[in-house]
Amino acid sequence: MDAMQDAARKLTALSNKDAEPHYREAPNNIEAEQALLGAILVNNDAYYRVSDFLKPVHLYEPLHRKIFEVAGDIIRMGKTANPVTIKTFLPADERVGDLTVAQYLARLAAEAVSIINAEDYGRAIYDLALRRALITIGEDMVNIAYDAPLDMPPQTQIEDTERRLFELAETGRYDGGFQSFNDAVAQAIDMAGAAFERDGHLSGISTGIMSLDGKMGGLQRSDLIVLAGRPGMGKTSLATNIAYNIAAAYEPEVQADGSFKARNGGVVGFYSLEMSAEQLATRIISEQTEVSSSKIRRGDITEADFEKLVACSQMMQKVPLFIDQTGGISIAQLSARARRLKRQRGLDCLVVDYIQLMTGSGKGGDNRVQEITQITTGLKALGKELNVPIIALSQLSRQVESREDKRPQLSDLRESGSIEQDADVVLFVFREEYYVKNMEPRDPHDPKYPEWEAHMDKVKGTADVIIAKQRHGPTGTVKLAFQSEYTRFADLADPSFTQYEEH
């Protein structure tokens, strides 16, 4: 029985409720499709009640898909879609059971009662389409598991299935592709309005460091922000500070559909490939309590310090900061876990410490440059998919150390030009104090000692965050205060520091 005859069979089934198929078929509701199409043919306003979420592919019956598609095209052209105007674009010689296509269209319109329930019919059809998609994913999963192909081991299959399920679960995943410029303009205005209402008037998520926010406008959604520096510069400390600031500022706002959205701050996922979760927590506690992390580890603390630690830990238990300490994680595993976190707890920002400790998902062989390219491309795609900023830390090559001017440049990004290419923002952490300290003359009576001392006083306790690349903002340098014993970056409170700030 072809598609049109099947539609006719189900149309006649309206008057014969006892007739049930003796085989198992995919979830569908032909009657709801007929009722919706009839409503559209009678009153074209019904189309606009469902067009924002319902697409032709969601209808089960192929003929109904064609009718819905043609009707939508006619309506969007500003013309009237009815049985007379639509039949021209459908095959006239084909029949739907005993009816011609033209008679079937007339019957759909005649059966329509009103457009009041059009949206309900549309939602029912959409839900059934989701169920059919779920069945397809389940069948594919079972078939692949039985076949056990060499190029898809179980772990890869799990990651692929999770990705497909996430795409299915996300609202609006079906209406990808081009969007009108009007929609883009409306989104831009909404973003400006949200920035006006948000604390600090930022379009993005605040880092908690005002001078950095001033240059960047906060962390923009879907951006890949690469934070790079040589060892000892404090890139992990800065990433940890920003992650905690965002999580601590989290203020949820209930949406109309019952879901939560961050009004300020956000839920943060932190992939710590280098340090354990306990080490990361120690750093954050040290930063918040101003008790040296080395003293915390040695237990060299007073009773007052311990009370501060306990009070801080109680406060931090409510902070939505989630840490994954799996070493050598692949980009596919990282993506799967990030999707899961977004579904279960929400997600507003992701931190990866650091790129060079990750592995690619494919068969990169010994080509590390190709593997890094795969990782950065994957991170950029994940940021767009989840609509969250991703802060990815990166090492710099040793060629920095061989130069007289130790300030990092984009060419110093290690192992791949793709890091610079894929990143929306590139930040370098540079502490001149680190290098000046190592140049201290051994003899305090050396004539050069006063000059060194003056230089050291000038740079002590400061750090430069160099914005080397920014797609939607200026480049430049932000000078911050850095307290190494607490691994804390902060805005410079002392106005005298501004003489060293670069504009």
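## A buried residue in a loop

A residue counts as buried when its relative accessible area is under 20%. Ser-222 has a relative accessibility of 19%, so Ser-222 counts as buried. This residue belongs to a predicted model. Ser-222 sits in the loop that runs between helix H10 (210-216) and strand S3 (224-228). The phi angle of Ser-222 is near 70°, which is a positive value in a residue other than glycine.

Is Asn-387 buried or partly exposed? Its relative accessibility is 40%, so Asn-387 counts as partly exposed.

## Confidence in the model

The average pLDDT of the chain is 77, and 82% of the residues score at least 70. Among the elements of the chain, strand S9 (residues 390-394) has the highest mean pLDDT, 89. The lowest mean, 56, belongs to helix H1 (residues 3-12).

Two stretches need care. Over residues 172-177 the pLDDT stays under 50, and the model has nine contacts for them beyond four places in sequence. Over residues 494-503 the pLDDT also stays under 50, with eight contacts beyond four places in sequence. Where pLDDT is low, the predicted coordinates should not be read in detail.

Strand S10 covers residues 425-430. Six of its six residues are buried, so S10 is largely enclosed by the rest of the structure. In a regular strand the side chains alternate between the two faces of the sheet. In S10, Val-425, Leu-427 and Val-429 point one way, while Val-426, Phe-428 and Phe-430 point the other way.

S10 pairs with two strands named here. With S3 the pairing is parallel, over four bridges, and Ala-228 stands opposite Phe-428 in S10. With S11 the pairing is antiparallel, over six bridges, and Val-429 stands opposite Val-465 in S11.

## Asp-464 in strand S11

Strand S11 (residues 462-470) contains Asp-464. How large is the relative accessible area of Asp-464? The value is 4%, so Asp-464 is buried.

The side chain of Asp-464 makes a polar contact of 2.8 Å with the side chain of Lys-479. Lys-479 is also among the residues that Asp-464 contacts when neighbours within four places in sequence are left aside. Phe-428, Val-429 and Phe-430 are residues of S10.

## Aromatic pairs

A search of the whole structure finds three aromatic pairs. One of them joins Tyr-47 and Phe-68; the pair is tilted, with 5.5 Å centre to centre and 45° between the planes. This pair links distant parts of the chain, with Tyr-47 in helix H3 (residues 45-50) and Phe-68 in helix H4 (residues 62-76), 21 residues apart. Tyr-47 and Phe-68 are both buried.

Phe-482 and Phe-489 form another tilted pair, with 4.5 Å centre to centre and 45° between the planes. Phe-482 and Phe-489 are both buried. Ring pairs also link Tyr-47, Tyr-48 and Phe-68 into a cluster.

## Helix H7

Helix H7 (residues 118-147) has 30 residues. From its first C-alpha to its last, H7 reaches 43 Å, close to the 44 Å expected at 1.5 Å a residue. Just after H7, Ala-148 takes a positive phi of about 50°.

Which residues of H7 are buried? They are Ala-118, Gly-122, Ile-125, Tyr-126, Leu-128, Ala-129, Arg-132, Ala-133 and Ile-137. An α-helix has 3.6 residues a turn, so residues three or four places apart point the same way.

## Lys-308 in helix H14

Helix H14 (residues 303-316) holds Lys-308. At 38% relative accessibility, Lys-308 counts as partly exposed. Lys-308 touches Thr-289 and Val-291, not counting residues up to four places away in sequence. Lys-308 and Gln-288 are 20 residues apart in sequence, and their C-alpha atoms are 9.3 Å apart in space.

Definitions and conventions. Residues are numbered from 1 along each chain as its sequence is written. This is a predicted model: local features need pLDDT of at least 70, side-chain atom pairs count only at pLDDT 80 or more; totals for chains, interfaces and linings use all residues. Side-chain values use heavy atoms; hydrogens and water are left out. The expected span of a helix is 1.5 Å times one less than its number of residues. Buried means under 20% relative accessible area, exposed over 50%, partly exposed in between (1.4 Å probe, protein chains only). Contact means heavy atoms within 4.5 Å. pLDDT is the predictor's confidence in each residue, from 0 to 100. Rings of Phe, Tyr and Trp (its six-membered ring) pair if their centres lie within 6.5 Å; planes under 30 degrees apart count as stacked, over 60 as edge-to-face and the rest as tilted. A polar contact is a pair of N or O atoms within 3.5 Å; within protein, one must be able to donate a hydrogen and the other to accept it, and residues adjacent in sequence count only if both atoms are side-chain atoms. Two strands pair if DSSP finds at least two bridges between them.
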